[in-house]
Amino acid sequence: MRYHIRERAWSLREAFVVRDDAGNPVFEIQGKFFHIGDDLVMYDRYSGQELVHIKQRVLSLLPHYEIYRNGQHWASMHEQFRLFGERFKVEGGNGMVFHVNGDIWRWNFTVSDNNGNLLAQIGRQFSIFRDSYAVDVAPDVDAPFIVALAIVIEMVKEHHEKKEQHDFM
């Protein structure tokens, strides 16, 4: 299944929608803006049920996010300090490890499990909507979890851009 997310959507308003290929709203993301660090909640657009809660761990050398499901810690996602290879590492609360590889500036990533199975592709080239990127999730893979990973990648990219602007001045 393919989902489309508008780039920098949360910097424009407090809530944004994730759409399917037909343009139908599937998930809604709401941010808590008077909060230290990023704090976002993903809801099922039809039932209103909270699906995923994303919180930034503020005291960390490199960007680090915690992902919660049903109030329980689900996974930690952090950027790797590297020249080549894995860009992000995701460690599930159940011991599972996921790998996110790709280029943050060209906006092209793959998500795989520890066995090398491709779970998703994230990239601009897949999206049919302007100023959006697509998250192409493999069958039988937890779509809200993968969409949450894509949102974390976008937040990390935005933090890098803000840091470069600040360093430039």
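**Note on the predicted model**

1. Residue Q56 stands opposite Y65 in β6. Strand β5 (residues 50-56) pairs with strand β6 (residues 64-69) in the antiparallel sense, over four bridges. Two strands count as paired if DSSP finds at least two bridges between them; strands (E, at least two residues) and helices (H or I, at least four) are DSSP runs, numbered from the N terminus.

2. This is a predicted model, in which local features need pLDDT of at least 70 and side-chain atom pairs count only at pLDDT 80 or more, while totals for chains, interfaces and linings use all residues. Residues are numbered from 1 along each chain as its sequence is written, and side-chain values use heavy atoms, with hydrogens and water left out.

3. A closed barrel of 12 strands runs β1-β2-β3-β4-β5-β6-β7-β8-β9-β10-β11-β12, with antiparallel pairing.

4. The largest nonpolar core has 41 residues, of which V135 and I151 touch the most other members. Helix α2 (residues 143-168) supplies the largest share of this core, 12 residues. Such a core is a set of buried Ala, Val, Leu, Ile, Met, Phe, Trp, Tyr and Cys residues joined through side-chain atoms within 4.5 Å.

5. When neighbours within four places in sequence are left aside, V135 is in contact (heavy atoms within 4.5 Å) with M1, R2, Y3, I5, Q121, I122, I146, V147 and A150.

6. The loop between β11 (118-123) and β12 (132-137) contains D131. With a relative accessible area of 42%, D131 is partly exposed; buried means under 20%, exposed over 50%, and partly exposed in between (1.4 Å probe, protein chains only). D131 and H4 are 127 residues apart in sequence and 9.9 Å apart in space, C-alpha to C-alpha.
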